[in-house]
Structure formats: C-alpha cells, structure tokens
Amino acid sequence: MSIFSTDSKLYRFMVRFWDLVKLNMIWMLCSLPIVTFGISTIAACSVTLKMSEDREGKVVHDFFREFKRNWKQGLPMSFITIISAWAVYLDFQLVGAAEEHRILFIIVGAVAAYILGFAHLYVYPLLARYQNSILGTLKNSFEISMRFFGRSILLVIVLLIEVCLIIWNPTTLFVGFLVGPAVIMYTISGVGINIFRELEKRPETIVDRSAEELDESQQ
C-alpha cells in the first residue's frame with residue numbers, strides 16, 4: 001500500500017492535522033474579543049468530539065453551526081472561566097504581598113485551583129455534547145473528574161506535557177500557535193468521550209439530553 005494512499009496512516013494523519021490547523025485558526029479568530037472565548041471553545045469541542053469518534057464532518061461548517069447554537073451558554077461561560085482563572089492567579093499573587101498570611105493564601109489558592117480546575121476539565125465537551133444548565137455542567141464536570149480520578153489526573157499530566165512541548169523552543173512555539181489549542185481540546189475530548197459513553201450506559205444519567213438527539217430533532 002502506498003504511503004500516499006487515502007487508506008494509509010500517513011494520509012489520515014495529515015488530514016487530521018490539517019483539520020486541527022483549520023479548527024485552531026477559526027477558534028483563535030472567534031476568541032479574539034475574549035468574551036466569545038467560551039462560545040468558540042464549545043463550538044471547537046463539538047468538532048473535536050466528532051473527531052474522537054471518527055465521525056465525518058466539515059470542520060468550518062460544523063464550528064460555525066455550533067458557534068451560533070451555543071452563544072447563550074458560551075457567553076456566560078467565558079466570564080466564569082476568565083474570572084475563575086483571575087481569582088486563582090490573584091490569590092497566588094497575594095502570597096508574596098501578605099507575609100503574615102502567606103500559608104493561608106497558599107492553602108486557599110491550592111484548594112481553589114483544585115476545585116475550579118477539575119470543574120472546568122470536562123465542562124466544555126459536556127456543554128458541546130449535552131443540554132444542561134451551566135452550574136449543572138460545572139457540577140457534572142467536577143463529579144466526573146472525581147469519579148474517574150485516575151484518568152483525569154493522567155489527562156492533566158498529558159496536557160501539561162503538551163503545553164511544555166509547545167513552549168519548548170521557538171520552533172515548537174510556532175507549531176503550537178498553528179495547532180496547539182486545538183490539540184489540547186482534541187486530547188480532552190478523546191478522554192472525555194470514552195467517559196461519557198460509559199456514563200450513558202448506566203441507569204443514572206448525567207445530562208438532560210444529548211446534542212446528537214438535539215440535532216435529530218431539528219432535522
């Protein structure tokens with residue numbers, strides 16, 4: 001079999017890589033106003049979830065369809081994510097300024113980073129896949145992280161490795177600019193989709209209704 005055959009692993013890798021580059025570019029452009037960060041991330045995760053399941057789709061078309069569909073949840077989610085990250089950052093900044101209460105700020109910052117980090121770990125794939133309230137989705141994300149703690153910790157380690165590789169040197173930084181955020185979302189979606197599938201088989205449900213069902217109802 002030729003390495004340039006449409007069935008070859010190299011060809012499939014290049015197609016997937018190009019899809020991630022396109023997704024990364026439109027995600028960055030649509031996130032530029034900052035307040036649209038959440039909408040863009042939900043839309044991008046809807047695409048990476050499909051990629052993780054090897055479902056066919058058109059990256060640009062699917063992204064903008066989900067961007068229009070999810071702005072009501074994505075807009076407030078932008079503020080929640082930004083404010084949460086800022087609050088944790090501010091707490092650790094105060095560690096150096098408040099010598100008398102340094103230990104207290106370290107403990108508060110570590111606990112806040114733990115809770116907010118795991119509450120956000122799966123939140124965007126969950127919002128992309130299911131219909132639920134924002135607070136309910138944040139709660140589900142944290143509970144999933146705790147229930148599948150081993151996988152979640154491994155995911156965090158992989159994400160940290162990816163970030164380190166991206167900032168390793170100017171060359172990797174350039175590649176990271178082209179595809180880095182999309183690869184990170186793809187990684188989260190790949191782990192998340194397997195967990196979601198396991199939960200969907202159980203009697204109890206973590207959501208109201210899947211995005212796939214919503215698609216079918218709108219056709």
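How do the axes of α2 and α3 cross, and within what distance do they come? I'll start there. The two axes come within 8 Å and cross at roughly 135°. Axes here are lines fitted to C-alpha atoms, for helices over the stretch in contact, and angles run from 0 to 180 degrees between N-to-C directions. By our cut-offs, angles under 35 degrees are roughly parallel, over 145 roughly antiparallel, 65 to 115 roughly perpendicular, and the rest oblique. So α2 and α3 are oblique to each other. Their crossing is right-handed, meaning the near helix is turned clockwise from the far one by less than a right angle, with anticlockwise being left-handed. On the α2 side the contact is made by I39, S40, A43, A44, S46, V47, K50 and M51, and on the α3 side by V59, D62, F63, R65, E66 and F67. Contact means heavy atoms within 4.5 Å.

Quick housekeeping. This is a predicted model, where local features need pLDDT of at least 70 and side-chain atom pairs count only at pLDDT 80 or more, while totals for chains, interfaces and linings use all residues. Residues are numbered from 1 along each chain as its sequence is written, and side-chain values use heavy atoms, with hydrogens and water left out.

Okay, the overall layout. The protein chain has ten helices and two strands, and along the sequence they run α-α-α-α-α-α-β-α-α-α-β-α. Helices (H or I, at least four residues) and strands (E, at least two) are DSSP runs, numbered from the N terminus. In the contacts with a separation of 6 or more, residues 24 or more positions apart account for 72%.

The other helix pair I want to show is α1 with α9. Their axes are 7 Å apart and the angle is about 100°, so this pair is roughly perpendicular. From α1, the contact uses R16, F17, L20, V21, L23, N24, M25, W27 and M28; from α9, F177, L178, V179, G180, P181, A182, V183, M185 and Y186.

Now the inside. Of the 219 residues, 40% count as buried, which is under 20% relative accessible area, with exposed over 50% and partly exposed in between (1.4 Å probe, protein chains only). The largest nonpolar core has 42 residues, and the members touching the most others are L23, F63, M77, Y122, I144, I195 and F196. Helices that each supply at least two residues of this core include α1 (9–31), α5 (102–121) and α9 (170–200). A nonpolar core is a set of buried Ala, Val, Leu, Ile, Met, Phe, Trp, Tyr and Cys residues joined through side-chain atoms within 4.5 Å. Take M77: leaving out residues up to four places away in sequence, M77 touches H120, V123, Y124, L127, I134 and L138.

What about cysteines? C45 is buried at 2% relative accessibility, whereas C164 is partly exposed at 43%. The structure holds zero disulfides, a disulfide being a pair of cysteine sulfur atoms within 2.5 Å.

Two loop residues to look at on screen. Most residues other than glycine have a negative phi. I34, in the loop between α1 and α2, has a positive phi near 70° and is partly exposed at 49%. D54, in the loop between α2 and α3, has a positive phi near 60° and is exposed at 59%.

Last one: R102 in helix α5. R102 is partly exposed at 34%, and its C-alpha atom is 10.0 Å from that of D91, eleven residues away along the chain.
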